[in-house]
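Student: Please take one part of this model and go through it closely with me. I would like to know how its side chains are placed and what they pair with.

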Amino acid sequence: MAKLFLRNFLIGLTKNENEAEDILQDLFTRILFNPENMFKVTYTRSWLLTCAKNAFLDYYKKKKPVLLNDEELIEQLLIEPTSTEKEVLVNHQLETLLNTLDPIDKAIILAKEYYSYLEMEHLFNLTTPNLKSKVFRIKKRLVKIEVKK
């Protein structure tokens, strides 16, 4: 019963049955080598879950350096643009889209990212339902502008 429960728990973490079985086997091997630890346990199920989680972490820590030896992964990292380049492109596209808006709409959409509707009510002297509909319409307009490009 406990083995099936732990196996399902580990499959949920790893998304791979073979890896879950490996981790489970490693876990029970550790328990069999140190059976005296079982006598200190009050809540067996939570203790086994903690042990399974720790075994899972250990498994991936051991496996981590292998990724650096994977030639395909290294090639992908060298070929793909870095995230900062992507961020610059996205920021430029976003800035271009925002510049198509009139100043009030631009202020509303930017304020929505930093303030709650309650705070925005005081900033723009509008009600929350009015602000929500404005934000919706602005976003809809931005999507139409982006699709036309």
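Tutor: Let's start with Arg30 and Asp26, which both lie in helix H2, four residues apart, about one turn of the helix. Helices here are DSSP runs of H or I with at least four residues, numbered from the N terminus. A word on the ground rules: this is a predicted model, in which local features need pLDDT of at least 70, side-chain atom pairs count only at pLDDT 80 or more, and totals for chains, interfaces and linings use all residues. Residues are numbered from 1 along each chain as its sequence is written, and side-chain values use heavy atoms, with hydrogens and water left out.

The side chains of Arg30 and Asp26 form a salt bridge, at 3.2 Å from N to O; the term stands for a side-chain nitrogen of Lys or Arg within 4 Å of a carboxyl oxygen of Asp or Glu. By this rule there are five salt bridges. Arg30 is partly exposed at 32% relative accessibility, and Asp26 is partly exposed at 28% (buried is under 20% relative accessible area, exposed over 50%, partly exposed in between, with a 1.4 Å probe and protein chains only).

Arg30 also meets Asp58 in a salt bridge of 3.1 Å, N to O. Asp58 sits in helix H3 (residues 44-63) and Arg30 in helix H2, so this pair ties together parts 28 residues apart in sequence. Asp58 is partly exposed too, at 26% relative accessibility.

Because Arg7 belongs to helix H1 and Glu17 to helix H2, the pair links parts that are ten residues apart in sequence. Glu17 is partly exposed, its relative accessible area being 49%.

Now for the helix as a whole. The 17 residues of H2 (residues 17-33) should span 24 Å at 1.5 Å a residue, and the end C-alpha atoms are 24 Å apart, which agrees; the expected span is 1.5 Å times one less than the number of residues. Its buried residues are Glu19, Ala20, Ile23, Leu24, Leu27 and Ile31. Viewed down the axis of H2, they fall within an arc of 135°, so they line one face of the helix; the arc is that of the directions from the helix axis to the C-beta atoms. The face turned away from this buried side carries the exposed residues Asn18, Gln25, Leu32 and Phe33.

How values were computed:
Helix = DSSP H or I, 4+ residues; strand = E, 2+ residues; numbered from the N terminus.
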